[in-house]
Amino acid sequence: MRSLDLSNLETDDKALEEASRDFGRTVQKRPRAIARPHSAQDVVEIIRTSNRERIPVTFQGASHSQNGQSLSDNGILVDMKGLDRIGEIEGGEIRVQGGVRWRDLIHQVYSEGYLPPALTTHLSVTVGGTLSVAGLSITSHRYGSQTDNVTELEVVTGDGKLLRCSPEINSTLFDCARCGLGQFGAITEACIQLRQVLPNVRTYTLLYEDVRVLMRDLEVLAGAQRFQYIDGWCLPVPRDLWQMASGQLFAHRVYELSLSVEWDEEPPDQEEMLGDLHYTHLSGCSDYPTLGFVTRTETSSFSYDRAGGWGKPGSGQETHSSGLKWFDDWGQSHPGTEGVLPWDTFPGFITEVTDQLPGPVARTARIMLGPFRGERFKSPLFMRPDGELLMGYGILIETPQSELEEILPILAKESRRIIDAGGKRYLSGWLDFDREGWQEHYGEQWPRMLEWKQEFDPNKILNPGGMPLQ
């Protein structure tokens with residue numbers, strides 16, 4: 001079998017410079033070299049050679065992290081996108097390699113009437129990448145995260161072993177590879193559960209003025225499971241010119257809720273779907289082909305369309321119902337601050353955020369929210385509060401890099417606000433954790449993680465910049 005050695009890796013300046021930034025563009029880390037494997041055995045050879053030379057290794061899918069989690073600082077950056085083979089559907093499951101992009105998987109399985117149960121907003125990301133974080137979705141209230149919908153993994157551990165793992169086989173590795181941020185091994189293959197889908201989707205867009213009314217309705221919806229997709233946003237209502245003179249940008253904020261249900265021959269009955277809800281206004285009802293609905297944001301960035309215009313379908317600048325225009329622009333920074341909060345603390349939390357969010361962030365931030373059911377999350381390293389109902393939350397930002405110096409300290413306070421409210425951060429976003437912060441995040445799991453690190457990566461070569469498991 002072909003062997004890879006470090007002398008054959010990519011080291012030209014242009015490639016290394018391009019590999020020094022991730023989607024967040026808040027930090028820069030330049031690798032020593034780039035490896036582009038095409039098989040699990042290639043990954044084995046890279047890791048074994050790196051162990052002999054004591055060179056750190058970082059695995060990268062689509063580089064969609066926001067704080068350098070998928071970057072390498074003078075180590076070997078392993079671009080996993082060459083592991084892109086998709087198998088056949090068998091028994092409602094499919095085996096795919098870790099470098100497969102979700103959008104490619106979607107297009108293949110949809111032709112046979114299936115979809116993965118949980119899909120992240122950005123579909124250009126890879127299977128191995130999102131399984132290393134969790135993979136939250138606007139369907140997670142029904143199906144959990146992407147890591148809750150895999151039955152088996154193939155992993156190359158930090159000591160160069162190629163192992164299969166599942167709840168029954170090598171279960172410890174299965175538990176720490178999922179949501180493990182690449183600290184214990186590289187996911188080279190996954191067996192993903194699929195669900196059968198109907199060909200159409202109807203979306204109702206509702207507006208709320210009171211967050212407590214919104215949450216009462218979300219509690220009903222999360223329990224009834226009448227909608228496959230629940231997508232929420234907290235939207236600003238601008239002040240007029242006279243009000244702006246006071247220094248306040250927004251008069252207040254409203255809450256937009258997009259509820260989507262799949263249907264076949266007959267569309268759903270509106271009264272049956274919405275009759276027990278207490279929204280302020282029904283602002284829209286739209287029908288889509290299901291494939292068009294789930295792939296409507298097949299790009300890698302977002303920004304608010306401040307002019308209020310709508311992107312032209314097919315232009316690559318489609319605008320989401322919340323007013324977000326999606327397009328590919330890696331020149332901007334995207335320091336998202338996301339987390340999962342206890343249900344009962346969220347009304348007071350979001351009121352504080354909307355009242356206190358400083359202008360530099362309030363001008364550009366989009367605030368997302370959506371319900372989760374705690375019982376749906378089974379992956380041990382996906383940290384979340386206790387509770388039957390949880391609230392997903394995030395501040396999504398697109399900003400010029402010149403403004404980061406002003407914005408990042410604000411986001412650090414917002415991150416702390418999530419934690420002080422009893423929440424947990426979602427780890428693909430912008431983070432300012434020191435060692436104490438990581439220990440606080442993982443709590444009782446931290447000592448186990450140190451043991452797993454010693455077991456699966458004894459030389460501590462995997463992703464050393466990700467967290468201080470040393």
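**Chatting through the fold**

Me: Let's start with Cys-165: buried or exposed?
Reply: Cys-165 is buried, with a relative accessible area of 1%. Here buried means under 20% relative accessible area, exposed means over 50%, and partly exposed is in between, using a 1.4 Å probe and protein chains only.

Me: Before we go on, what kind of model is this?
Reply: It's a predicted model, where local features need pLDDT of at least 70, side-chain atom pairs count only at pLDDT 80 or more, and totals for chains, interfaces and linings use all residues. Residues are numbered from 1 along each chain as its sequence is written, and side-chain values use heavy atoms, with hydrogens and water left out.

Me: Let's zoom out. How many helices and strands are there?
Reply: The protein has 15 helices and 20 strands. Both are DSSP runs numbered from the N terminus: helices are H or I with at least four residues, strands are E with at least two.

Me: How much of the protein is buried?
Reply: Of the 470 residues, 59% are buried. The accessible surface comes to about 19,300 Å², and 46% of that belongs to carbon and sulfur atoms. Those areas come from the Shrake-Rupley method with a 1.4 Å probe, and for residues, only the protein chains shown count as cover.

Me: Pick a helix for me. How many residues of α2 are buried?
Reply: 10 of the 14 residues in α2 are buried, so the helix is mostly covered. Among them are Ala-40, Val-43, Ile-46 and Asn-51.

Me: What do those buried residues pack against?
Reply: Strands: β1 (33-35), β2 (57-60), β3 (76-79), β7 (150-157), β8 (162-165) and β9 (185-193). Contact means heavy atoms within 4.5 Å.

Me: How far apart are the end C-alpha atoms of α2?
Reply: For α2 (residues 40-53) they are 20 Å apart, which agrees with the 20 Å that its 14 residues should span at 1.5 Å a residue. The expected span is 1.5 Å times one less than the number of residues. Just after α2, Arg-54 takes a positive phi of about 55 degrees.

Me: Switching to charges: what's the salt bridge count?
Reply: There are 23 salt bridges, each a side-chain nitrogen of Lys or Arg within 4 Å of a carboxyl oxygen of Asp or Glu.

Me: Which residue does Arg-95 meet in one?
Reply: The side chain of Arg-95 meets that of Glu-152, at 2.8 Å from N to O. The pair links distant parts of the chain: Arg-95 is in strand β5 (residues 93-97) and Glu-152 is in strand β7, 57 residues apart. Glu-152 is buried at 16%, whereas Arg-95 has 35% relative accessibility and counts as partly exposed.

Me: What about Lys-453 and Asp-457, buried or exposed?
Reply: Their side chains also form a salt bridge, at 2.8 Å from N to O, and both residues are buried. Salt bridges that share partners also join Arg-95, Glu-152, Glu-154, Arg-164 and Glu-189 into one network.

Me: Now the greasy bits. How many residues are in the largest nonpolar core?
Reply: The largest core has 61 residues, and those with the most contacts inside it include Leu-153, Trp-438 and Met-449. Helix α3 (residues 102-110) gives the most to this core, with five residues. A second, separate core of 45 residues includes Phe-227, Val-261, Leu-274 and Val-361. A nonpolar core is a set of buried Ala, Val, Leu, Ile, Met, Phe, Trp, Tyr and Cys residues joined through side-chain atoms within 4.5 Å.

Me: What is Trp-438 in contact with?
Reply: Leaving aside neighbours within four places in sequence, Trp-438 is in contact with residues including Leu-181, Phe-433, Trp-446 and Pro-468.
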